[in-house]
Amino acid sequence: MGWLRRAWITVASEVAWRIPGRPQRLLHAFSLAERGSMVDVLFAAEATPRRDLRRKYFLHALDEGRHARVFADRVRALGRGDRAEAAVEDSGQLVEAGISGGLTLFERLGEDDFLAFVYVAEADAVEQFGVYLDRGLADPDTALELRTILKDEVFHVSYSRAELERMRKDGKPVDRMVRNRRLRRLWERYLRLTRDIGARVSGVWLTLLYFVALGPFRLVARLERGGWHPVPPRAPDALAAARAEG
Ligand SMILES: [Fe+2]
Ligand SMILES: [Fe+2]
């Protein structure tokens, strides 16, 4: 399956980097993802009972925070730094990342599954950035930053893999955990894709509905006068007739 994933990354990368305006969107998404990772790993540093891992989580979180800033800087350098738009996207990010259902990712998964999650996510990032660099897709300044970031990501892969190996020696089902994490990522990708398709399709239907069903009514409709309207008085005997019936 590794070749299939790499083929998919290659096709998606060509689309993401070659179409004008897309690299900025991609880098912006990276910046948000890196910041989300920073939050997740910081929570892990706070919650883990292991002192040795706490230090690694903390260094990892510092790396991710730095990556988020680097990617945001690249977006600005490439010419997309709309503050209002960024604020709206940030508000969505706060909902989607960090605490969900009152629990952090670390609390939801537990330390073993969290490490499997870190390993899978970081290994995917290394593979993805490797494709960008191998194919020369990024502009020279971004490529320079990617090379530096890639070194950090390799550290994240190596410490999480070392922990998984330790767990394997303890008899834990590491392969199954990693496989489950990969399937979970695929499922989340599918959900994101269907959400995006749903948003676009509903946009098309609402536009059609407006022009086909609502628009023509405007041609024959008469606009109501604005402002206060006098209410016509009721028939004077209506109240008395109602009382008489009661
Ligand atoms: Fe990162
Ligand atoms: Fe990372």
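Helix H2 (residues 22-47) packs against helix H3 (residues 51-77) at an angle of about 160 degrees, and their axes lie 8 Å apart. Here axes are lines fitted to C-alpha atoms, for helices over the stretch in contact, and angles run from 0 to 180 degrees between N-to-C directions. This is a predicted model, in which local features need pLDDT of at least 70, side-chain atom pairs count only at pLDDT 80 or more, and totals for chains, interfaces and linings use all residues. Residues are numbered from 1 along each chain as its sequence is written, while chains are lettered from A and ligands numbered from 1 in the order in which they are written.

**Overall picture**

- The chain has eight helices and zero strands; helices (H or I, at least four residues) and strands (E, at least two) are DSSP runs, numbered from the N terminus.
- Its pattern along the sequence reads α-α-α-α-α-α-α-α.
- Of the 246 residues in the chain, 23% are buried. A residue is buried with 20 or more other C-beta atoms within 10 Å of its own, exposed with 12 or fewer, and partly exposed in between, the C-beta atoms being placed from the backbone.
- Taking contacts between residues at least 6 apart in sequence, 74% join residues at least 24 apart. A contact means that the C-beta atoms of two residues, placed from the backbone, lie within 7 Å.

**H2 with H3**

- H2 and H3 are therefore roughly antiparallel; angles over 145 degrees count as roughly antiparallel, under 35 as roughly parallel, 65 to 115 as roughly perpendicular and the rest as oblique.
- The H2 and H3 crossing is left-handed, a term for a near helix turned anticlockwise from the far one by less than a right angle, with clockwise being right-handed.
- Their contact is made of 14 nonpolar, seven polar and five charged residues. Ala, Val, Leu, Ile, Met, Phe, Trp, Tyr, Cys and Pro count as nonpolar, Asp, Glu, Lys and Arg as charged, and the others, Gly among them, as polar.
- Arg25 sits in helix H2 and counts as partly exposed because it has 13 C-beta neighbours inside 10 Å.
- Arg25 and Val75 are 50 residues apart along the chain, yet their C-alpha atoms are separated by 7.9 Å.

**H3 with H6**

- H3 and H6 also pack at an angle of about 160 degrees, with axes 11 Å apart, and are therefore roughly antiparallel.
- H3 passes H6 in a left-handed crossing.
- Residues of H3 that meet H6 include Lys56, His60 and Asp63, and those on the H6 side include Asp141, Thr142 and Glu145.
- By class, this contact of H3 with H6 has four nonpolar, four polar and six charged residues.

**Nonpolar cores**

- The largest nonpolar core has 28 residues, and Phe114, Ala116 and Tyr119 have the most contacts inside it. Such a core is a set of buried Ala, Val, Leu, Ile, Met, Phe, Trp, Tyr and Cys residues joined through C-beta atoms within 7 Å.
- Two or more residues of this core come from each of H2, H3, helix H5 (105-134), helix H6 (140-169) and helix H7 (174-220), with the largest share, 10 residues, from H5.
- A second, separate core of six residues includes Ala125, Tyr132, Leu146 and Ile149.

- Phe114 lies in helix H5 and is buried, with 26 other C-beta atoms within 10 Å.
- Leaving out residues up to four places away in sequence, Phe114 touches Ala44, Leu105, Phe106 and Leu109.
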